[in-house]
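Please read through the account below with the sequence and the model side by side.

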Amino acid sequence: MKDLIIDKDDFWVMHDKVKPFLISDVEEHPEHEHIVTPSEAEELLEADYCIQCGACHYSCPVTEINEQFIGPAAFVKAYRFEADVRDDAHIERLDVVNEEIQGVWDCVKCMECAEVCPKDINPIEKITKLHNMIFDEGIAKNNIATRHAVYFKDSIAKHGQLNEAGLVIYSEKGYGMYKHLKVGMKMIAKGKAHINPLIVPKSEKLDEIAKLVKISSTSKF
Ligand code: SF4
Ligand code: SF4
């Protein structure tokens with residue numbers, strides 16, 4: 001608007017969408033305080049350091065082309081209250097970030113938000129935690145992004161490597177195959193994808209990989 005002053009109205013509109021405040025059904029005259037343990041406080045501490053500078057929001061390639069995308073800063077704010085054990089609007093807020101086009105599933109994981117954050121908050125990590133919460137609550141919708149996540153994990157557990165062709169077929173269905181045909185052919189030529197997605201060699205250390213997948217999986221798919 002002038003010198004280094006920018007118009008951040010769109011930023012605050014997205015910020016408001018995620019109900020960026022504690023929603024708690026407290027008694028008017030409680031007899032006890034609601035104790036938050038140090039480890040519970042730790043879960044939300046980093047997100048609480050956000051100064052809402054907007055650097056992540058305005059460097060995100062998705063906010064640039066999709067006016068409905070809530071954006072990384074608001075997702076950090078959503079996570080801050082989702083991780084707060086005193087909050088009672090867990091599903092209500094998750095429903096907002098779970099919506100297609102505006103929600104976390106439209107993040108393309110480019111890491112730009114993490115690169116630019118002056119507070120080292122790492123919004124993409126908070127987005128991933130929101131993904132996990134959505135799966136854990138059993139409210140994930142059947143869309144390209146969720147199918148992509150499910151297949152990715154299953155492929156690593158089953159083959160020890162990513163079955164690229166299978167990933168496209170499972171997550172994007174027939175049209176996806178057509179859309180990615182050119183890139184797929186190049187990948188097959190370079191040995192980076194298998195020509196028959198039903199025949200994928202297994203990694204030598206598949207047992208160890210499968211164990212790692214199991215112990216590192218926190219979500220119910
Ligand atoms: S990782 Fe996601 S939210 Fe962050 S800048 Fe990239 S697309 Fe935007
Ligand atoms: S760049 Fe960091 S501090 Fe700034 S709004 Fe985004 S998360 Fe918050």
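This is a predicted model: local features need pLDDT of at least 70, side-chain atom pairs count only at pLDDT 80 or more; totals for chains, interfaces and linings use all residues.

Residues are numbered from 1 along each chain as its sequence is written, and chains are lettered from A and ligands numbered from 1 in the order in which they are written.

The secondary structure consists of 12 helices and 0 strands, where helices (H or I, at least four residues) and strands (E, at least two) are DSSP runs numbered from the N terminus. Along the principal axes, the C-alpha atoms occupy a box of roughly 65 × 50 × 30 Å. Of the 221 residues, 25% count as buried, a residue being buried if 20 or more other C-beta atoms lie within 10 Å of its own, exposed if 12 or fewer, and partly exposed in between, with C-beta atoms placed from the backbone. Among the contacts with a separation of 6 or more, 71% join residues 24 or more positions apart; two residues are in contact if their C-beta atoms, placed from the backbone, lie within 7 Å.

Around ligand 1 there are 13 residues, of which Cys60, Cys107, Cys110, Glu112 and Cys113 come nearest; a residue is near a molecule if its C-beta atom, placed from the backbone, lies within 6 Å of it. The helices α4 (61–65), α7 (112–116) and α8 each supply at least two residues of this shell, and by class the shell has 11 nonpolar, no polar and 2 charged residues. In this classification Ala, Val, Leu, Ile, Met, Phe, Trp, Tyr, Cys and Pro count as nonpolar, Asp, Glu, Lys and Arg as charged, and the others, Gly among them, as polar.

Ligand 2 has 16 residues around it, with Cys50, Cys53, Cys56, Ala73 and Cys117 coming nearest. At least two residues of the shell are supplied by each of α3 (55–59) and α5 (72–82), and the largest share, 3 residues, comes from α5. The shell around ligand 2 comprises 13 nonpolar, 2 polar and 1 charged residues.

Helix α5 also packs against other helices. Its axis and that of α8 (residues 123–136) come within 9 Å and cross at roughly 55°, axes being lines fitted to C-alpha atoms, for helices over the stretch in contact, and angles running from 0 to 180 degrees between N-to-C directions. The two helices are therefore oblique to each other, since angles under 35 degrees count as roughly parallel, over 145 as roughly antiparallel, 65 to 115 as roughly perpendicular and the rest as oblique. Pro72, Ala73, Phe75, Val76, Ala78, Tyr79 and Glu82 in α5 meet Pro123, Lys126, Ile127, Lys129, Leu130 and Met133 in α8, and this contact has 10 nonpolar, no polar and 3 charged residues.

With α6 (residues 90–98), α5 packs at an angle of about 160°, the axes being 10 Å apart, which makes α5 roughly antiparallel to α6. Phe75, Ala78, Phe81 and Glu82 of α5 make the contact with His90, Arg93, Leu94 and Val97 of α6.

Finally, Phe21 lies in the loop between α1 (9–17) and α2 (38–48). Because Phe21 has 11 C-beta neighbours inside 10 Å, this residue counts as exposed.
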